[in-house]
Amino acid sequence: MKATGGLRVGWGELTFDVDPSWGGSDFGPVTAITSSPDGHVYVCHRSRPAVLILDSAGKRVGALGEGEVTDPHGITTDTHGNVYVADRDRHVVWIFDPHGRLVGELGTRDQAAPEAPFNHPAAAAVADDGTIFVADGYGNSRVHVFAPDRRHLSSWGTPGREPSQFRVPHGIAVDADRRVYVTDRENDRVQVFDASGGLLTVWEDFKGPTDVCIDRQQRVIVTDHVPRVTVLDVSGRVLATMRAYHDTHGVCCDAQGNIYVASTSGRAVIKYSPVDR
């Protein structure tokens, strides 16, 4: 669909039409967004209901977690369509099945745990095999790892500026080769780990990176406070950069190659649709 106002950004095969008000204009501050295998888009915002369900055209078709989710800060889905919501102020990650039923939770609701799961968690990511990675980013400086059956397996990270340390691990994603990407927001960098927490590399050309996602071509998409959307390959080579509307608090991509950016100050979802060339 043609962008509102005809705005086009990017370059080469990574050129996008931009719709700065996808899904309408009556969101609260939007904190996070994800797409599901069935084509739905889940939008977290600071209003009620806190998690909205939209179809691929941006029409609202439902809500998720009413009565449970209060401060959804991060959201993701797995290959089966289960939805994982990092509820920052309730100190849990809620797990819903594709029908919206609450089927599990990680952490202890309404109880913060120093450097253990969780103390104001920021985001979650799920590997193809069901392993769950959680960026425990506001009260703690950790990444926690859970088995597909939700057993806590391990944790890594400490507060600080050195490699493998964090100052607000804010966003997290895992690619097909189980590389784990963490936006280390207050250190202005993205750190890349193996699935066991071994540091692989550090990408430093960011300003307050907020979130990260992986597209179907295994490209890495990072949002930051410039505000900007950056597309990179897994080696860290920049493929495209795009100036963003408002702030960029969250990002996701869908199976069609669309990129969606969550804006808190703009109270908006910005959709970047790939241009057929």
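Residues are numbered from 1 along each chain as its sequence is written, and side-chain values use heavy atoms, with hydrogens and water left out. Because the model is predicted, local features need a pLDDT of at least 70 and side-chain atom pairs count only at pLDDT 80 or more, while totals for chains, interfaces and linings use all residues.

The score called pLDDT is the predictor's confidence in each residue, on a scale from 0 to 100. The protein chain averages 96 by this score, and 98% of the residues score at least 70. Strands here are DSSP runs (E, at least two residues), numbered from the N terminus.

Strand S1 also belongs to an open sheet of five strands, whose order is S1-S2-S25-S24-S23 and whose pairing is antiparallel; two strands are said to pair if DSSP finds at least two bridges between them. Strand S1 (8–11) and strand S23 (250–253) stand at the edges with a single partner strand each, so one side of each has no neighbour in the sheet. In general, the strands of a sheet pair through backbone hydrogen bonds, either parallel or antiparallel. S1 and strand S2 (residues 14–22) run antiparallel and are joined by four bridges, and within this pairing glycine 10 stands opposite threonine 15 in S2. Threonine 15 is buried, with a relative accessibility of 5%, where buried means under 20% relative accessible area, exposed means over 50%, and partly exposed lies in between (1.4 Å probe, protein chains only). A polar atom of the side chain of threonine 15 lies 2.7 Å from the backbone oxygen of glycine 12.

We turn next to charged side chains. Side chains of opposite charge can pair when their charged atoms come close. A salt bridge is counted when a side-chain nitrogen of Lys or Arg lies within 4 Å of a carboxyl oxygen of Asp or Glu, and by this rule the count comes to 20 salt bridges. In one of them, glutamate 68 meets arginine 90, with the closest N and O atoms 3.6 Å apart. Glutamate 68 lies in the loop between strand S6 (60–64) and strand S7 (72–77), and arginine 90 in the loop between strand S8 (83–87) and strand S9 (92–96), so the pair ties together parts that are 22 residues apart in sequence. Glutamate 68 is partly exposed, at 23%, whereas arginine 90 is buried, at 14%. Both residues belong to a network of salt bridges that links Glu68, Arg90, Glu105, Arg109 and Asp110. In another salt bridge, between arginine 219 and aspartate 215, the N to O distance is 2.8 Å; arginine 219 is buried at 17% relative accessibility, and aspartate 215 is buried at 10%.

The peptide bond from arginine 48 to proline 49 is cis, with omega near -5°, and proline 49 sits in the loop between strand S4 (41–45) and strand S5 (51–54). A cis peptide bond also joins proline 117 and phenylalanine 118, with omega about -10°, and phenylalanine 118 lies in the loop between strand S10 (102–106) and strand S11 (123–126). Glutamate 115 lies in the loop between S10 and S11, and its phi is near 55°, a positive value in a residue other than glycine.

Technical notes
Polar contact = N/O pair within 3.5 Å; in protein donor to acceptor, adjacent residues only side chain to side chain.
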